[in-house]
Amino acid sequence: MKLFLIALLPLLIFSSTCAVAGDAAAGKVKSAMCASCHGVNGISMSPLWPNLAGQKEQYLIKQIKAFRDGTRQDPMMAPMVAALSDTDIENLAAYYSAQ
């Protein structure tokens, strides 16, 4: 039994970190509000704002939620993400990570 649990542990860890699967098509629609700073496809035309395209999905989810929840402060981002649901954030992350 102990050996079974040890063998099962990596599977549980891997599946819990990869469980998020946003809808990239819905994220593309929602990304219109991001385009003015982060570029139409997530590549910013200004060095002031980061590129979102190609970032890891989990990283984007963590950072956008941090802005929304106030644990990461930015006066420009806070109003942009305030109304995003968890599903919206997952969809945006799916879209930008696939770019």
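## Overall architecture

The chain contains six helices and zero strands, where helices (H or I, at least four residues) and strands (E, at least two) are DSSP runs numbered from the N terminus. Along the sequence the pattern reads α-α-α-α-α-α. This is a predicted model, in which local features need pLDDT of at least 70 and side-chain atom pairs count only at pLDDT 80 or more, while totals for chains, interfaces and linings use all residues. Residues are numbered from 1 along each chain as its sequence is written, and side-chain values use heavy atoms, with hydrogens and water left out.

Of the 99 residues in the chain, 27% are buried; buried means under 20% relative accessible area, exposed over 50%, and partly exposed in between (1.4 Å probe, protein chains only). The chain exposes about 6,600 Å², and carbon and sulfur atoms supply 66% of that area. Accessible areas come from the Shrake-Rupley method with a 1.4 Å probe; for residues, only the protein chains shown count as cover. Among contacts (heavy atoms within 4.5 Å) with a separation of 6 or more, 64% join residues 24 or more positions apart.

Buried residues in α6 are D88, I89, N91, L92, A93, A94, Y95 and Y96. Their cover includes α2 and α4 (57-69).

The largest nonpolar core has 14 residues, of which L60, I64, V81, L84, I89, L92 and Y96 touch the most other members. The elements that give two or more residues to this core are α4, α5 (77-81) and α6, and the largest share, five residues, comes from α6. Such a core is a set of buried Ala, Val, Leu, Ile, Met, Phe, Trp, Tyr and Cys residues joined through side-chain atoms within 4.5 Å. In soluble globular proteins, nonpolar side chains tend to be buried together. Leaving out residues up to four places away in sequence, L84 touches K30, M33, I64, R68, I89 and L92.

S31 is placed in the loop between α2 (24-30) and α3 (35-38). This serine counts as buried because its relative accessibility is 4%. A polar atom of the S31 side chain lies 2.6 Å from the backbone oxygen of K28. Not counting residues up to four places away in sequence, S31 touches L92, Y95 and Y96.

V40 lies in the loop between α3 and α4. Its relative accessible area is 65%, so V40 is exposed. Apart from neighbours within four places in sequence, V40 is in contact with A35 and Y95. The C-alpha atoms of V40 and A53, 13 residues apart along the chain, are separated by 9.8 Å.

## Cysteines

A disulfide is a covalent bond between the sulfur atoms of two cysteines. With a disulfide taken as a pair of cysteine sulfur atoms within 2.5 Å, the count is zero. The closest cysteine sulfur to that of C34 belongs to C37, and the distance of 8.9 Å is too far for a bond. C37 is accordingly in no disulfide.

C34 is buried because its relative accessible area is 15%. C37, at 22% relative accessibility, counts as partly exposed.

Terms used:
A polar contact is a pair of N or O atoms within 3.5 Å; within protein, one must be able to donate a hydrogen and the other to accept it, and residues adjacent in sequence count only if both atoms are side-chain atoms.
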